[in-house]
Amino acid sequence: SCQTRHMLNRRRSNAIFFFALAAVGLATAWYFNSIAVMRGENYITDGFTSNVDWVYSLDLLIGGTAGMAFIIIEGRRLKMRYLLLYIAAAFVTAFAFVFPLFLAMRELTLHKRELAGGKIKRYVFDEHNVIVWIPGTVTATTPVLVMNDGHNVFDPKTSTFGATWGVLEALQERPVGGPRIQAEQQPLIIGVTYKNNDGKIRGIEYSPTDVIDAHPEILENFMDGWSHTGPTGNDYHELIASKILPTIAAEFGIELKRERTAIGGSSMGSLTSMYAMSKHPDVYGTVLGYSTHWPLGGNLLVDEMTRILPAPGSHRIWSDGGTTELDAAYAPFQAYFRQTMAAKGYRLGEDFIETSYPQTGHNELWWAVRVEHPINWWLAGL
């Protein structure tokens with residue numbers, strides 16, 4: 001993935017380096033040009049008076065011709081502007097100024113493309129790291145998507161297993177077909193990480209507190225390494241709904257509306273997204289769940305989670321699963337979820353989606369392959 005913080009920082013560093021070279025090239029060219037003009041030196045004859053002069057002059061001529069060709073070819077590929085102006089400027093200033101300048105602008109263009117035309121901003125709320133992708137255009141009606149496990153959404157260097165969901169790649173323009181995430185308005189995406197980035201408390205913070213309190217036997221199914229200090233899901237979602245969402249929305253002038261606000265995640269992140277909707281049905285209109293972790297409580301958990309969801313009609317839910325790795329155990333619970341949702345009055349294909357992705361498993365690489373599917377389903381319904 002090209003979306004690492006290291007690469008994005010390197011783009012900026014490269015641009016600064018090339019801008020510095022361009023400044024040096026411009027300064028030296030004007031300085032020595034001024035001396036040459038004042039002395040009446042001949043740029044043609046004086047440039048070829050010795051074999052050494054021939055080496056330098058031909059080196060510049062051939063290298064400069066190749067460089068100008070590169071400016072046109074690469075500039076067109078990246079859809080950069082003012083390409084002919086770079087070429088013209090080389091003849092009235094210096095190629096030593098123009099070529100580094102173009103390379104600096106190229107780095108900034110690549111940086112912008114890698115961020116899908118937007119930008120990343122980071123926050124900390126109550127010891128929770130929050131990473132936000134802001135689209136290039138933000139209006140009062142920009143949709144907002146909250147993603148649990150925010151450290152896995154954009155940056156492989158912070159991701160638990162070194163891979164992301166590929167969200168930025170899905171937002172990027174492609175030569176054919178446009179971006180994989182397609183919408184009239186790109187959503188602002190808020191990635192929220194569990195407290196202190198401590199993986200040991202992830203499960204308990206992402207757990208449905210009310211369900212666990214009513215059925216403490218579910219704690220017996222918690223994975224080794226997870227904290228058993230008691231579920232804190234209510235506090236986690238209160239923080240997002242009452243502080244994180246309104247603070248960030250206000251900063252960018254977004255008017256939060258339930259139908260334009262979704263929450264999603266994978267595994268326990270999917271489960272806690274459904275719980276978020278049950279606790280804050282006025283905040284979230286859609287849940288986007290990848291590989292929902294039903295085995296935590298089996299059919300009992302399906303029953304309880306379905307029971308506490310808001311009534312159908314104004315809310316939508318996506319829940320999917322694979323057939324390999326950990327997801328291999330999900331199929332019967334997904335099927336039962338489909339039954340309970342239908343019994344509650346949710347309409348399959350309209351109010352909710354329950355689907356399977358054969359031969360896919362339980363990790364970020366698999367979720368990245370289909371990351372746009374639930375997002376496009378949500379956006380298409382706005």
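User: In this predicted model, which residues of the largest nonpolar core touch the most other members?

Analyst: The largest nonpolar core has 49 residues, and those touching the most other members are Val130, Leu188, Ile190, Ile244, Ile248, Trp294 and Ile317. Helix 8, residues 233–251, gives the most to this core, with 8 residues.

User: What makes a set of residues a nonpolar core?

Analyst: The members must be buried residues of the listed nonpolar types, joined through side-chain atoms within 4.5 Å. A second, separate core of 27 residues includes Ala116, Leu168, Ile181 and Leu379.

User: What does isoleucine 317 touch, leaving out residues up to four places away in sequence?

Analyst: Isoleucine 317 touches Met274, Met277, Val287, Leu309, Phe337, Met341, Asp351, Phe352, Ile353 and Trp377.

User: Why is histidine 280 called buried?

Analyst: Buried means under 20% relative accessible area. Histidine 280 has 10% relative accessibility, so histidine 280 counts as buried.

User: Where is histidine 280 placed, and which residues does it touch beyond four places in sequence?

Analyst: Histidine 280 lies in the loop between helix 9 (268–279) and strand 6 (286–290). Its contacts beyond four places in sequence are His237, Glu238 and Ala241.

User: Why are helix 8 and helix 9 called roughly perpendicular?

Analyst: The two helices pack at an angle of about 70°, with their axes 10 Å apart. Angles of 65 to 115 degrees count as roughly perpendicular. Helix 8 and helix 9 are therefore roughly perpendicular to each other.

User: Which residues meet where helix 8 packs on helix 9, and how do they divide by class?

Analyst: From helix 8 come Gly233, Asn234, Tyr236 and His237, and from helix 9 come Thr272, Tyr275, Ala276 and Lys279. This contact divides into 3 nonpolar, 4 polar and 1 charged.

User: What makes helix 10 roughly parallel to helix 11?

Analyst: Helix 10 (residues 298–308) and helix 11 (residues 331–344) pack at an angle of about 30°, and their axes are 10 Å apart. Angles under 35 degrees count as roughly parallel, so helix 10 is roughly parallel to helix 11. Helix 10 passes helix 11 in a right-handed crossing.

User: Which residues make the contact of helix 10 with helix 11?

Analyst: Helix 10 uses Gly298, Asn299, Val302, Asp303, Thr306 and Arg307, while helix 11 uses Phe333, Tyr336, Phe337, Thr340, Met341 and Lys344. By class, the contact has 5 nonpolar, 4 polar and 3 charged residues.

Technical notes:
Residues numbered from 1 in each chain as written. Predicted model: local features only at pLDDT ≥ 70, side-chain atom pairs only at ≥ 80, totals over all residues. Heavy atoms only, no water. Buried < 20%, exposed > 50% of the residue type's maximum accessible area, 1.4 Å probe, protein only. Contact = heavy atoms within 4.5 Å. Axes fitted to C-alpha atoms, helices over the stretch in contact; angles between N-to-C directions. Parallel < 35°, antiparallel > 145°, perpendicular 65-115°, else oblique. Left-handed = near helix turned anticlockwise from the far one by under 90°. Nonpolar A, V, L, I, M, F, W, Y, C, P; charged D, E, K, R; others polar.
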